[in-house]
Amino acid sequence: MVELIHQGPWQLLAPAGQGAGVIATAIADRAVATVMARNGKTAALAARLRQYSGVDLIDAPKRVSGNGVTWLGIGPGKWLAMSQSAGFIGELADRLEGVASVVAQSDAVAILALSGPALPATLERGFQIDLRSFAIDDCAATSVHHLGATIWKTGDAAFEIAIARSFAGSFLHWLGASAAAGGLAVTSKQS
């Protein structure tokens with residue numbers, strides 16, 4: 001009988017080149033869900049979230065956080081919700097019953113934190129949007145090197161990227177090649 005072994009999506013994440021122009025940190029401790037407002041229920045969803053968690057949900061490509069949950073606007077009436085709290089997806093689905101659809105994505109999405117002085121130049125090699133104009137908390141559902149991705153700015157030279165878990169290897173191939181000139185370092189802690 002074949003024994004199944006859990007393998008993280010970033011198991012192939014490895015340093016490339018010399019230096020630390022880009023620093024990558026695998027994020028493995030977040031539960032992720034897609035939340036879509038039901039037809040005509042966006043305002044009701046926002047009101048319920050405000051009451052439940054104190055979050056002022058924004059229907060725009062922005063990141064907002066509250067009550068341990070981060071919300072990324074990824075389309076009209078659509079968000080990616082993330083939390084480190086176990087069971088948050090079930091609780092969220094219960095609380096949003098009738099105003100939104102909640103779909104678990106934790107096993108489908110891989111998240112990587114990136115930072116470093118060479119990060120802007122590296123990202124320009126794959127993303128076809130102007131990430132240098134992003135303010136902290138801006139986000140976009142876009143593509144990188146022909147792979148669907150959601151990216152959000154977390155700091156002055158820091159982004160996080162969510163990508164389909166099945167494309168993690170292709171993304172790492174692009175990242176390693178694109179960051180090699182300034183060096184890609186890997187850390188287990190976010191800077």
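1. Two strands are taken as paired if DSSP finds at least two bridges between them, and strands (E, at least two residues) and helices (H or I, at least four) are DSSP runs numbered from the N terminus. On that basis, strand β2 (residues 31-37) pairs with β6 in the antiparallel sense over 5 bridges, and Thr-34 stands opposite Val-103 in β6.

2. The model is a predicted one, in which local features need pLDDT of at least 70 and side-chain atom pairs count only at pLDDT 80 or more, while totals for chains, interfaces and linings use all residues. Residues are numbered from 1 along each chain as its sequence is written, and side-chain values use heavy atoms, with hydrogens and water left out.

3. The pair β2 and β6 belongs to an open sheet of 5 strands, ordered β3-β4-β5-β2-β6, in which the pairing is antiparallel. At its edges stand β3 (63-66) and β6 (100-104), each with a single partner strand, so one side of each is left without a neighbour in the sheet. From one strand to the next the twist averages 25 degrees.

4. Helix α1 packs on this sheet, touching β2, β3, β4 (69-75), β5 (78-83) and β6, and its direction makes about 140 degrees with that of β2; contact here means heavy atoms within 4.5 Å, and angles run from 0 to 180 degrees between N-to-C directions, with axes fitted to C-alpha atoms, for helices over the stretch in contact. Helix α2 also packs on the sheet, touching β2, β4, β5 and β6, at about 15 degrees to the direction of β2.

5. Between α1 (residues 42-53) and α2 (residues 88-95) the packing angle is about 125 degrees and the axes are 11 Å apart. Arg-48, Leu-49 and Tyr-52 in α1 meet Glu-91, Leu-92 and Arg-95 in α2.

6. A second open sheet has 6 strands in the order β8-β9-β10-β7-β1-β11, with mixed pairing. Its edge strands, β8 and β11 (184-186), each pair on one side only, and the twist averages 30 degrees from one strand to the next. Strands β8 and β9 (residues 147-155) run antiparallel and are joined by 6 bridges, Val-144 having Leu-147 in β9 as its bridge partner.

7. Of salt bridges (a side-chain nitrogen of Lys or Arg within 4 Å of a carboxyl oxygen of Asp or Glu), the whole structure holds 6. One of them joins the side chains of Asp-137 and Arg-63 at 2.6 Å, N to O. Because Asp-137 lies in the loop between α3 (119-124) and β8 (139-144) and Arg-63 in strand β3, the pair ties together parts 74 residues apart in sequence.
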